[in-house]
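Student: Could you take one part of this model and walk me through it closely?

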Amino acid sequence: MTKDNNNVPVKAENELAESRNENAAQFVTFYFGKHFFGLPIDDVIEINRALDVTPVPLAPSYVAGVVNLRGQILTAIDLANRIGLNIEKNEEDGFNNVIMGDREEPVSLLVQSIGDVMSVPSSQIEPTPELIEGVDVKYVSHVCKLPGQLLIILNSNALEQAENVNDSQG
Amino acid sequence: MVMEDDILKDFLAESKENLELLDQQFVELEQEPDNEELIKSIFRTIHTIKGTSGFFGFTTLEGIAHFAEDILSKLRDGIVPVNEEITTMLLQSVDYIKAILGSLEQTGKEPDDMVYLDFIVDLRNFAEKITKDVQTPTGENEDAKESGDEESTPEQGEGKVEGRTSKKEPPPTEISDKLPEAQAGRAAKKEHDKKSKKKTPSAPPVGAHQLTETHVRIDVHLLDQLMTLAGELVLSRNRLTQIAGQLNNPDLMTANQRMSLVVTELQEQIMKTRMQPIGNVFNKFPRIVRDLARAAEKQVQLRIEGAETELDRSIIESIKDPLTHMVRNSIDHGIELPDIRIQRDKPAAGILVMRAYHEGGQVIIEIQDDGAGIDPEKLKNKALEKGILTEDQLNSLSDREALMLIFQPGFSTAEKVTNISGRGVGMDVVKTNIEKLGGTVELQSEVGHGTTVKIKIPLTLAIIPALIVHSADQRYAIPQVNLVELVHLTKEAVEKDVQVIGDSEFYRLRGEILPLIRLRKALKIPEVASDKHEEGMNVVVLNAGDRPFGLVVDSISDSEEIVVKPLGQHLKHIRTFAGTTLMGDGRVALILDVMGITSSMSMAREEHLQKASLVTEKGAGEERQFLLLCTVADDEFFALPLALVNRLDKISASSIELVGGKEVVQYRGHSMQVIRLENYLPISPLPEQEDYHLIVFHMNGKDIAFVVSRIEDSLDMAIEVEEHTFKQEGILGSAIIKDKTTLFLDIYQIIQMHDPDFFVLPEREDTVESARILLAEDSTFYRNLLTSYLSSAGYEVVVAEDGQRAWELIQEEDIDLLVTDIEMPNMDGFELTKNIRANEQLKDMPIIAVTSLSGEEDKRKGLEAGVNDYQPKLDRDQVLTAVHNLLAPERLEMAA
């Protein structure tokens, strides 16, 4: 799990960034399989390539475990599992950690690979369609149609929210 | 005395701070002489010092404070305007006060110096003088009315004029001399300027007793941060220790060892900065108790013990509310009204004790009252009424468990809810709050004698010692407080002493049945076939409240100091974990919550309880036992205490041989008799099977076994049997377990029916045991069991169903020896023993206490009460040996 993903793929979507005006929003983007996701830059605290994930037995299935971020212990959320993505995961590849949420109790979102920080004009941001293939729209706040690709903007609050706590002790 | 010292310390620290403030305030006052608030604040400070010094009997200090206050009161009331002269005098008073405080701090006494007395006289004169200055020419007249008149009229208009005039007037020489000196003195103090002392004989001899700064106010957050940093340091140290161990470099090891010591010390000291005496909370209670007692029209005497016991600040804050709640409960419901208490031969005033002490790295807080106690039956009825539990569940509850009902949410037994408290409203909250702190609550109560609530809480929450164990390639930390011992079982020991019954495993640890929980199972990690205990078993024996249990882990590594970090919101609901910690290598390990693990186990037990409905008699026996359930033919269930069973085994039908009219099997290198129950009990015979189960007993140095067709299950439950339905030799009674009528086997009787000579000890054959034994035991099951084996040993047994009855019988009948249970209604075993020992005729009676659990605490108590021996009641051999030994001297006497 410690293998670093040194080469973060950088997509050349910079022409969009050119059109930056005061009504543009910035997103941290990342990939999971063929899906392209974004989180508002204000919701992201930092990006960390490889943190050891300690699994937590009895935890809800969307929790991959806990990670140590410089002495602070964060819950690692398996993004694919959380939003219902059905993806063959190769544990060997490791994950990247997108640390997000409020500073009191941030969470680490495990994603496959990290993309660029993108600036998108507000005019291009559209409401969530009723259905996005393979993704639970509960966790989606907006979408943005880019040339040849759909940027799914995630709702960090929904991602962070603890699932209904019914005792998983069973 | 200790208390007084503490108060003095507090007083000194507080006064010092206030005095520092005073200097500043006086300066401000000079700038805005009309600031009433400022004068009032100064007045209050001086007033407090005066009051407290009066309390301690520091006359000089009191004197100075008194006159300073006198002057201030005039300022406050506007009789005299503020001027430089007055300010100077007051500042000087402050200096003197500081000097006296400094002396108090260093020597505990006021300085023995005439200078101070002189100053009092000066101050007094000055106070009088300024009054006179503003008085009408009649001067001396201090009449309040007159001065009041003077004050109201001239004050408004002339007040300021007066002030100015007095400024213009050349101040009295004495004072003008002092003015610069006092200021110089203050400034020079820090430099130990002796000159100023010489020049001004009337200035306080500051050099002698300097008011040193020994207390600093620190922001709590800073302390918390320090604590976190210390935690990080501990982690780094752990990591370094690991590396040093790996590198095996002696220099590095030495250096690391040295650093380790310092880090430990540092951590302890930082921890100490957060420690506060529990007295800070306890001290609030005399008032609370007084008010509550008055409101409830009761008399309550509060005793506080161990107020100096120190606890982490954060814990102190969080226990205040739970404590208040429990004290309320004690006063409102525990302690009776004075006339009722008198009727019950108790002093009219109830005694409430709040006690704190350290015990094994934990702090124990007890709230004890000598009130009415809590009646478990009442609680049960209430639970039934509220629908919290069903009747069947209640019947299987022991008294102790019934008492714990009080901690159920929404449980209130108060017949009327008073404005002070409705019992139970919040007892669940109390428990939750204490448990949040990593503590436990226990309740002991005796009807008519009072209730004790015992809270155990950790000293600190931040850094705890823990044992690191491994399971499924992950590390887990177990808080050391819960740890009892570590046991490694070899492969052979596992085969021999670990029994698998149904889904549960048990290990016999020094004769006690220890339920085993596999950590993998508790964590729902699938068991891999190769993990089967090929190399034995590592058992961590843990204590979680009432019963110890063994946690089976893959391997055990070191003990470490760990820093507790909470789990995030997604995970904190998992009761199996108490938090997380960082290991030396920077990875995270989960901290196990021992309580959480057992509660998941007891959930399983509750399921059993729901299935189990016992036919009971009144006067419930509260002893729990693990029972083994087995069948001979289908649908005929038998139960016996698991503790009596030595082993469970399986044999093939063909291995049973008939030797000399008795059936035997070759077992572990010798032949062992096996008993078919149908030969002695009117039951269906053992069906033809390929394999049979053996229940092996080891008694009297020999093995003997029952043959049954199936082992059904094991249950942990309170045994209460109905003895009349199946009156039959070999049967102790019956009960409904899991909807099935189950017969309790009288193992001793069955064995004796099978082999009358089985229990005869070779060396005892000649001595015919003939003695009358009184057996006091409230549980029918145990009464029958004990009677059975005592009479099979040849004794005549007289039975009593409680201590009260035993006490009557022992006085009426001719009894040679008493065998008594400890926990009994009406009169318990301790009391019975005390009564006997106090009786002139009976005091030499040999007494054996028997119990279902062998708690060290009970044993100690029993021996203190005066019992001769203390034995587990299920252990026939030990009880009989004890009886035999205690009767031996008597036989000798008789022979002589």
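At what angle do the axes of helix H12 and helix H13 of chain B cross?

Tutor: Quick housekeeping: this is a predicted model, where local features need pLDDT of at least 70, side-chain atom pairs count only at pLDDT 80 or more, and totals for chains, interfaces and linings use all residues. Residues are numbered from 1 along each chain as its sequence is written, with chains lettered from A and ligands numbered from 1 in the order in which they are written.

Now the pair: H12(B), residues 285-295, and H13(B), residues 313-334, cross at roughly 35°, their axes coming within 10 Å. Axes here are lines fitted to C-alpha atoms, for helices over the stretch in contact, with angles running from 0 to 180 degrees between N-to-C directions; helices are DSSP runs (H or I, at least four residues), numbered from the N terminus. The crossing is right-handed, that is, the near helix is turned clockwise from the far one by less than a right angle.

Who's touching whom? On the H12(B) side you've got Phe285(B), Ile288(B), Val289(B), Leu292(B) and Ala293(B), and they meet Thr324(B), Val327(B), Arg328(B) and Ile331(B) of H13(B). Contact means C-beta atoms, placed from the backbone, within 7 Å. By type, that contact splits into seven nonpolar residues, one polar and one charged; nonpolar covers Ala, Val, Leu, Ile, Met, Phe, Trp, Tyr, Cys and Pro, charged covers Asp, Glu, Lys and Arg, and the others, Gly among them, are polar.

Over in chain A, pLDDT (the predictor's confidence in each residue, from 0 to 100) averages 77, and 77% of the residues score at least 70. Residues 1-21 of chain A fall below 50.

Notes. Helices (H or I, at least four residues) and strands (E, at least two) are DSSP runs, numbered from the N terminus. Two residues are in contact if their C-beta atoms, placed from the backbone, lie within 7 Å.
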